Amino acid sequence: MAWLAVTALLLTATRSIAGVSKEAIASVSCETCEMAVEEAYNYARDNKVKEEDDLADLVDSLCSVKKKVGRWVSKLDIIQETPGEPLTLDKQELIGFCKSECTIISRACQNSLRGQEETLVSLLSSGSSPKKMKGKICKKACSKKRPKMTGWKDEPFQPRDQKEVETEDMMAKMKAETGMGMKMYKREDLMGMSEGDMETMAAREAFAHERQAARMAEKEL
């Protein structure tokens, strides 16, 4: 019987992590889709992304907060203006930590764009307006009735340290340009390290960089 209890716990955990809340996802799908299309248009325009392959990469990463193009997801806060009513999105100025609400928005983004990635790439490539793209891409997501949400528990929006975000961008750019990456450590982690720990960490990072540089040199030969 013990395995039954373990299975039940695993199923519960799976529903809370993988399933999140289907009703919550459906409640914000239309609004998320329209925001995603707007973000794709703005990102392509501001970064002069025009080649089809580059636009395809943009669309593939659009719903991922781990990618710069998908970071807009972590600026959104889910709110419920009236208890029991559908959920809405509120865009914040700063990037926040990605917790359960962020995961809901990311899933809503993925669901609303699924199967329409090539169409979105084509529309971006042809220079279509955001209004036209929203009407085409989000038609299905916005045609569904938004479910009402009872018992919704709000998750306070928590902004991240923006300097940390800038450092992540700098490291990602360096890795893209050189092929060498660095592990990022939080300030609290460094404060808790002894002098010996920091020396070991520095030596490990230096060795990793040397090994990566050697591999790149071998490829060039």
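At what angle do the axes of helix H2 and helix H4 cross? The axes of H2 (residues 22-46) and H4 (residues 100-113) cross at roughly 70° and come within 8 Å. Axes here are lines fitted to C-alpha atoms, for helices over the stretch in contact, with angles running from 0 to 180 degrees between N-to-C directions. H2 is therefore roughly perpendicular to H4. Angles of 65 to 115 degrees count as roughly perpendicular, under 35 as roughly parallel, over 145 as roughly antiparallel and the rest as oblique.

The model is predicted; local features need pLDDT of at least 70, side-chain atom pairs count only at pLDDT 80 or more, and totals for chains, interfaces and linings use all residues. Residues are numbered from 1 along each chain as its sequence is written, and side-chain values use heavy atoms, with hydrogens and water left out.

The protein chain holds 10 helices and two strands. Helices (H or I, at least four residues) and strands (E, at least two) are DSSP runs, numbered from the N terminus. Along the sequence the pattern is α-α-α-β-β-α-α-α-α-α-α-α. Of the 221 residues, 30% count as buried. Buried means under 20% relative accessible area, exposed over 50% and partly exposed in between (1.4 Å probe, protein chains only). Among contacts in the chain with a separation of 6 or more, 67% come from residues 24 or more positions apart. Contact means heavy atoms within 4.5 Å.

The crossing of H2 and H4 is right-handed. A crossing is right-handed if the near helix is turned clockwise from the far one by less than a right angle, and left-handed if anticlockwise. H2 contributes Ala 24, Ile 25, Val 28, Ser 29, Thr 32, Cys 33 and Ala 36 to the contact. From H4 come Ile 104, Ile 105, Arg 107, Ala 108, Cys 109, Asn 111, Ser 112 and Leu 113. By class, the residues of this contact are 10 nonpolar, four polar and one charged. Ala, Val, Leu, Ile, Met, Phe, Trp, Tyr, Cys and Pro count as nonpolar, Asp, Glu, Lys and Arg as charged, and the others, Gly among them, as polar.

Helix H5 (residues 117-125) has Leu 120, Val 121, Leu 123 and Leu 124 as its buried residues. They cover an arc of only 165° around the axis, which puts them on the same side of H5. The arc is that of the directions from the helix axis to the C-beta atoms. The cover over these buried residues includes H2, helix H3 (52-60), H4 and helix H6 (130-137). The axes of H5 and H6 come within 11 Å and cross at roughly 165°. H5 is therefore roughly antiparallel to H6. This crossing is right-handed. Thr 119, Leu 120, Leu 123 and Leu 124 of H5 meet Met 133, Lys 136 and Ile 137 of H6. The contact of H5 with H6 has five nonpolar, one polar and one charged residues. Just after H5, Gly 127 takes a positive phi of about 80°.

Two lysines lie in loops. Lys 48 is located between H2 and H3. Although not a glycine, Lys 48 has a positive phi of about 55°. Lys 48 is exposed, at 66% relative accessible area. Lys 75 is in the loop between H3 and strand E1 (76-79). Lys 75 counts as partly exposed, because its relative accessibility is 25%. The C-alpha atoms of Lys 75 and Lys 91 are separated by 5.8 Å, with the two residues 16 apart along the chain. Leaving aside neighbours within four places in sequence, Lys 75 is in contact with Asp 90, Lys 91, Gln 92, Glu 93, Leu 94, Ile 95 and Phe 157.
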